[in-house]
Amino acid sequence: MGHHVRVISSSDRKREEAIDHLGANDYLVSSDSTRMQEVADSLDYIIDTVPVFHPLESYLSLLKLDGKLILMGAINTPLQFVSPMVMLRRKTITGSFIGSMKETEGNAGILEGEGTEIND
């Protein structure tokens, strides 16, 4: 799709797969606070595929004004985040169950023409 794709993961162990096999342009370890700070307020979208509870604030801080956090992994616990972080920067949290190929392509289609970031 011609986007700059950055994979965000909790450890460095998926770096080779993300860059060499999936074609990501960049890889970010979410526990690396220096790199997370460097990327803050720079992403248009994050596609979050983590299917278990995880804090959203560190990902929300990466989004630009009007950025979108798209949840694709079903989480069975209530979402927790600091609401001013969303409201003051006009960020959106949205999501969809991953279903058919048509639904997945539809979700990817909304990103066409925008910067795309993948969170794994």
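A residue is termed buried when its relative accessible area is under 20%, exposed when that area is over 50%, and partly exposed in between (1.4 Å probe, protein chains only). By this criterion, buried residues account for 33% of the 120 residues in the protein chain. The structure is a predicted model, in which local features need pLDDT of at least 70 and side-chain atom pairs count only at pLDDT 80 or more, whereas totals for chains, interfaces and linings use all residues. Residues are numbered from 1 along each chain as its sequence is written, and side-chain values use heavy atoms, with hydrogens and water left out.

The protein chain contains five helices and six strands, where helices (H or I, at least four residues) and strands (E, at least two) are DSSP runs numbered from the N terminus. Along the sequence these elements follow the pattern β-α-β-α-β-α-β-α-β-α-β. The accessible surface, computed by the Shrake-Rupley method with a 1.4 Å probe, comes to about 7100 Å², and 54% of it belongs to carbon and sulfur atoms. With contact defined as heavy atoms within 4.5 Å, 50% of the contacts between residues at least 6 apart in sequence join residues at least 24 apart.

Strands β1 (residues 6-9) and β2 run parallel and are joined by four bridges; two strands are taken to pair if DSSP finds at least two bridges between them. Within this pairing, D26 of β2 is the bridge partner of R6. Together with helix α1 (residues 15-21), the two strands make a right-handed β-α-β unit. A crossover is right-handed if, with the strands pointing away from the viewer, the path from the first strand over the helix to the second runs clockwise. In strand β2 (residues 26-29), D26 and L28 point one way and Y27 and V29 the other, and all are buried.

In soluble globular proteins, nonpolar side chains tend to be buried together. A nonpolar core is here a set of buried Ala, Val, Leu, Ile, Met, Phe, Trp, Tyr and Cys residues joined through side-chain atoms within 4.5 Å. The largest such core has 14 residues, and those with the most contacts inside it are L43, I46, L62 and L69. At least two residues of this core are supplied by each of α2 (33-39), β3, α3 and β4 (63-71), with the largest share, three residues, coming from β4. Apart from this core lies another, of six residues, including V5, V7, Y27 and V29.

The loop between β3 (43-48) and α3 (57-60) holds H54 as well as P51. H54 is buried, with a relative accessible area of 10%. Leaving aside neighbours within four places in sequence, H54 is in contact with D48, Y59 and I75. The side chains of H54 and D48 make a polar contact (2.7 Å), that is, a pair of N or O atoms within 3.5 Å, of which, within protein, one must be able to donate a hydrogen and the other to accept it, and residues adjacent in sequence count only if both atoms are side-chain atoms. P51 touches G73, A74 and I75, not counting residues up to four places away in sequence. P51 and A74 are 23 residues apart in sequence, with a C-alpha to C-alpha distance of 5.2 Å.

Most residues other than glycine have a negative phi. D66, in strand β4, has a positive phi of about 65° although it is not a glycine; D66 is partly exposed, at 36% relative accessibility. R90, in the loop between α4 (83-87) and β5 (92-95), also has a positive phi, near 50°, and is partly exposed with a relative accessible area of 48%.
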